[in-house]
Amino acid sequence: MKFLKKILFFFLTGIIFLAIALGIANYLLKSSLAVYSGEINLSGIESTVEIYRDKYAVPYIRANSDLDASFALGFLHAQERLFQMDIMRRVGFGRLSEVFGTKTIPFDRMFKSMRFGKIAEQIYNELEEPYKSHIEAYAAGVNAFIQEAEGNFQIEFSLLNYQPEKWLPEHTLVIGKLLAWELNISWWADIAFTSLIQKFGAEKVKEIIPSFDENAPAIVPDFLAQLPAVPTGFVDTDKLFREFIGSTGTHIGSNNWVVGGTKSASGKPIIANDPHLAFQTPSKWYVVSIRSSNWNVDGFTLPGVPVIVIGKNDNITWTMTNVMADDADFYIEKLDTSKTKYLLDNEWNELRIERDSIIVKDSSNIEMISKWTHRGPIVSHIHPYSTINNDSLLSELDISMRWTALEFHTELSAVYDMNFARNESEFKLGAGKFTAPGQNFVYADKEGNIGYICAAKLPVRNTNSTTFVFDGTDSSNDWTGYVDFDEMPMFSNPSSGFIATANNKTIEDFKYHISNLWEPPSRIKRIFELLQKNEFHSVQDFMKYQNDFYSHYASEIVPYIITAFDNAEINDNNLRTALSLLKNWDFNFEKESQTPAIYANFYQRFVENIFLDEMGENLFEEYIFIANIPYRKVTELLSQNYSSWYDDINTESIESKNDIIRKSLIDALVQLEDELGKNISQWQWGRIHTLTLKHVFSGQSKIADYFFDIGPFEMGGDGTTVNNMEYSFREPFDVKLGPSMRFIYDYAEPDNFYYVLPNGQSGNPFSEHYCDMTELWLKGEYLIMKHDKKLFEALEYSKLILLPVKE
């Protein structure tokens, strides 16, 4: 009996302690949630600020001054997204290893070598008014929250065992550089194509390099053949960094379009935007409405940055897509034996050499050296496995990088000016200051004007053939200047009544080089088709367009498959059924359909069967990494009856185009049978094409994935549909990138702002607003931001009041 009592005692005691532990954990987790109502006394504001929040935690800031509004925005960003902000500033300043340890040393080395943090400090020191006061007020708001929270921060800080430091204005500025870094993809191709040239020679590689007629033909520099293999460590490190931070995917673009009043059902301009960025959680964007003395805006902010990046003010609405600008080049430098000088036009010039250190959690600090030529940093010492500072052990070549974002620093002031623009002319002045990442601005104003501006800092070069690494010893390869903004493509009120961009080639016969990495025209063709199909368009039409899964690209590919099997003897039932499905397909990538699964598996195998045998695994991965390169070249190769790339070098016979097409479809069916069974009725596209919104902790443990990740979800679409759901050729068919938000605005409804995010406003996984928009986003539904203060009170919006501390 005593034994049973002891067991019962210990059992009950254990239950009590467990309950207490769970209660404490629950309290701590809830104490980290953002406070949405009540009053808070804070230093740093001049007068009372009211913040209303709707049921999706979208804030409506009402302040008497612009600086108080900026302060409040900083406070709100920190309430909901402080860990996200902290990680990004650590990235920019090369300080990830202080909290993540040795695994992030290569990333810290990369960004310290690029001097992102020091450039941000320089920008801040040189920043003029009113921009300086604006980001200082914002920083004060972030710091007010850090102080007010009294250590009750998001659980990620506890798991990594550190506390957030004071937010500085330069942290805001470095985040702008990181966005430019994420959207800059042109330089990846330079390294990949140079490596291909070194292996295969110029003529064979010219067959698979994207180009446009008015661009100069690809001129291969003679000196490349005599060089050792170009190192890929820098590119490899960046790829690993993007995987670490959750920024994978290379269809880094967007859709935007606008119709004028003559094509609008409402008689007023309607505008839409859905930026295609890497899927992640928390969301890239934070939605907000601001009303103050002069700053009256609604739209999408980046946590850490106090401006509306995409959205509207009282006068104008603006949207963005990536220009895909080729604004970076690599140069092979010749250093002297001391590694302190570089050769230029037969003269030795001093390198700028800086010493720095990387602080590493639970390990010794890493001392590092960065070197710069007049063009930019030497990046060939950057390697995904380098924890030492002996450059000679890592590369036989010294390669420097020049990039516009390291030279021009007016992005913040550009977007700030757009936020405050009172008319089309002032908006253009703001756009003229925008440098990197180059953006296609599509806009509309309250006067009924619609317009387009290509806002980018385009280098002027002595050649339009910029596909390869340059000889750094010759100054004739240097940029000679930049295209003046007045010469950049721009127009307003076209006779068509609409404007649209989708990372496509936006202008013909432009005398300066913009890019060779445009997206395939599938999305823009579909958008034009939809906008030309109907005489008038409504907000509801735009919603359908943004969620459209039709692929013009697939409609071009499938006939080649059908033709390849003409007159072929077909004995396999699944092959016969697959061909029938493809022949009758409407080219919509619906998740319930089997045909997209057959097509996508075919395409995956087709790309591999064309290139992998000759390139080998490493070069193949370099070539396919920017997805639009194989997408564009495959259609060109299919239009030709012969290419040396079709032949499989591992067989004795010489394969033709149709041989490879037939093999690829059969390979695809075998793969699907192995994965999903032999019953084609079970081959739904959504079963293999799934989306998981991943946290930076994703993959660390199943428990972490359960709490932090959102999904998986079965998805339609692919990388060529308007509703872009890109997967990587390296990891088919996990969705990596797509609409990071959706936005529509009709000037006939000035108080209605249609939007949705893939997840939610909060970055706290224990908040009800962590993923409360996900279901709406998946269904193609939208929320409406309204601005009537009486409505706030009628709908019982939560109300937080920030009160100035009386000195």
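**View 1. Helix α20 of the predicted model, residues 657-676.** Helix α20 has 20 residues and spans 28 Å from its first C-alpha to its last, close to the 28 Å expected at 1.5 Å a residue, the expected span being 1.5 Å times one less than the number of residues. This is a predicted model, in which local features need pLDDT of at least 70 and side-chain atom pairs count only at pLDDT 80 or more, whereas totals for chains, interfaces and linings use all residues. Residues are numbered from 1 along each chain as its sequence is written, and side-chain values use heavy atoms, with hydrogens and water left out. Among the buried residues of α20 are Ile 660, Ser 664, Leu 669 and Glu 673, where buried means under 20% relative accessible area with a 1.4 Å probe, protein chains only. The elements covering the buried residues of α20 include α16, α17, α18, α19 and α21. Just after α20, Gly 677 takes a positive phi of about 95°.

**View 2. The crossing of helices α17 (573-583) and α18 (595-624).** The axes of α17 and α18 come within 9 Å and cross at roughly 105°, and the two helices are therefore roughly perpendicular to each other (65 to 115 degrees). Ala 578, Leu 581 and Leu 582 of α17 meet Thr 595, Ile 598 and Tyr 599 of α18, with contact taken as heavy atoms within 4.5 Å.

**View 3. The open, mixed sheet of 11 strands.** Strands β1 (38-42) and β21 (490-492) stand at the edges, each with a single partner strand, so one side of each is left without a neighbour in the sheet. Strand β17 (450-455) runs antiparallel to β21 and is joined to β21 by 3 bridges; Gly 451 has Ser 492 of β21 as its bridge partner.

Notes: Axes are lines fitted to C-alpha atoms, for helices over the stretch in contact, and angles run from 0 to 180 degrees between N-to-C directions. Helices (H or I, at least four residues) and strands (E, at least two) are DSSP runs, numbered from the N terminus. Angles under 35 degrees count as roughly parallel, over 145 as roughly antiparallel, 65 to 115 as roughly perpendicular and the rest as oblique. Two strands pair if DSSP finds at least two bridges between them. Buried means under 20% relative accessible area, exposed over 50%, partly exposed in between (1.4 Å probe, protein chains only).
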